[in-house]
Amino acid sequence: MALKILDTCINCDVCEPACPNQAITQGAEIYIIHPDLCTECVGHFDEPQCVVVCPVECIENDPEHVESNDQLLAKLAGLQEKAA
């Protein structure tokens, strides 16, 4: 499943560069994770890097975008094809 950033985000900017899929961007008030780009770092790392670096622990699973590990790997493959 994709992740989401809660409104407790302090805009510290550590999550954006940590994302291998460039799924995180600055929103109007807080950073936003784009679910079509988020693979929870599956295929890159053992755990989501944005969660690892977030100092206020404001990133959690997004129940509106539930995906299996296989779906996340397929999404990653599609993203890599587009980038090539």
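Student: Where is the place of V14?

Tutor: V14 sits in the loop between β1 (3–5) and α1 (15–18). Helices (H or I, at least four residues) and strands (E, at least two) are DSSP runs, numbered from the N terminus. The model is a predicted one, in which local features need pLDDT of at least 70 and side-chain atom pairs count only at pLDDT 80 or more, while totals for chains, interfaces and linings use all residues. Residues are numbered from 1 along each chain as its sequence is written, and side-chain values use heavy atoms, with hydrogens and water left out.

Student: Why is V14 called partly exposed?

Tutor: Buried means under 20% relative accessible area, exposed over 50%, and partly exposed in between (1.4 Å probe, protein chains only). V14 has a relative accessible area of 34%, and is therefore partly exposed.

Student: What makes the pairing of the side chains of N21 and H44 a polar contact?

Tutor: A polar contact is a pair of N or O atoms within 3.5 Å; within protein, one must be able to donate a hydrogen and the other to accept it, and residues adjacent in sequence count only if both atoms are side-chain atoms. The side chains of N21 and H44 make such a contact at 3.1 Å.

Student: Which residues is N21 in contact with, leaving aside its neighbours within four places in sequence?

Tutor: Contact means heavy atoms within 4.5 Å. With those neighbours left aside, the partners of N21 are L37, T39, H44, L76 and L79.

Student: What pattern does the protein follow along the sequence?

Tutor: The pattern is β-α-β-β-α-β-α. The radius of gyration (taken over C-alpha atoms) is compared with the globule rule, 2.2 Å times the number of residues to the power 0.38. The protein has a value of 12 Å, close to the 12 Å that the rule gives for 84 residues, so it is as compact as a globular protein of that length.
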